[in-house]
Amino acid sequence: MAGAKAGDLVARDKDGALWLYLGNGDGTFAQRIKVGGGWNEYSHIVGIGDANKDGRPDLYATRGPNRTAYFYAGTGNWRTPFANRWSTGLLVGNPYGIVSDRVS
C-alpha cells in the first residue's frame, strides 16, 4: 500500500475507522496509522490488487441495498494511501463490468 517492498495491511475497526499497518519486512508491522473515518458506510471492503494497472494496490468497496461499487486507487504514499473514490457505475454481481470504468 505504501510503496515499499514489505507487505502492508489495511483494516477497519468497529467504529468505521480505516487503519494502515506498514510492514516491517520481517512479518511484523509498525504501529498503525489512521487512514480516515466513515468507512462503516460500506458493507464490504476488499483489497483487489492493482485493478487500474498503475503498479499500486487498490480497494473496492460496496454499500447500500443495491451494493453500489466504489473504487479507491492506491497512491503509493503511506500518508494518503488512497485517492478519492470513483463510482464504478456497477452493482455487485454484474459479470460484465470492469473496475476501471470511471463514472464519477
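1. Lys 53 is exposed in this predicted model, because its relative accessibility of 74% is over the 50% cut-off. The residue belongs to the loop that runs between strand 4 (44-49) and strand 5 (58-63).

2. The backbone of Lys 53 also deserves attention. Its phi is near 60 degrees, a positive value in a residue other than glycine. Most residues other than glycine have a negative phi.

3. How many aromatic pairs does the structure hold? There are five aromatic pairs. In one of them, the ring centres of Tyr 42 and Tyr 72 are 6.1 Å apart and the planes stand at 90 degrees, so this pair is edge-to-face.

4. Are the two partners buried or exposed? Tyr 42 is buried, because its relative accessible area is 3%, under the cut-off of 20%. Tyr 72, with a relative accessible area of 10%, is buried as well.

5. Tyr 42 and Tyr 72 are also members of a cluster, joined through ring pairs with Trp 39 and Tyr 70. Tyr 70 has a further contact with a charged residue: Arg 85 lies over the face of its ring, at 4.1 Å from the ring centre.

6. Another arginine is placed over an aromatic ring. The charged end of Arg 32 sits over the ring of Trp 19, at 3.6 Å from the ring centre.

How values were computed. Residues numbered from 1 in each chain as written. Predicted model: local features only at pLDDT ≥ 70, side-chain atom pairs only at ≥ 80, totals over all residues. Heavy atoms only, no water. Helix = DSSP H or I, 4+ residues; strand = E, 2+ residues; numbered from the N terminus. Buried < 20%, exposed > 50% of the residue type's maximum accessible area, 1.4 Å probe, protein only. Phe/Tyr/Trp six-rings, centres within 6.5 Å; stacked < 30°, edge-to-face > 60°. Lys NZ or Arg CZ within 6 Å of the ring centre and 35° of its normal.
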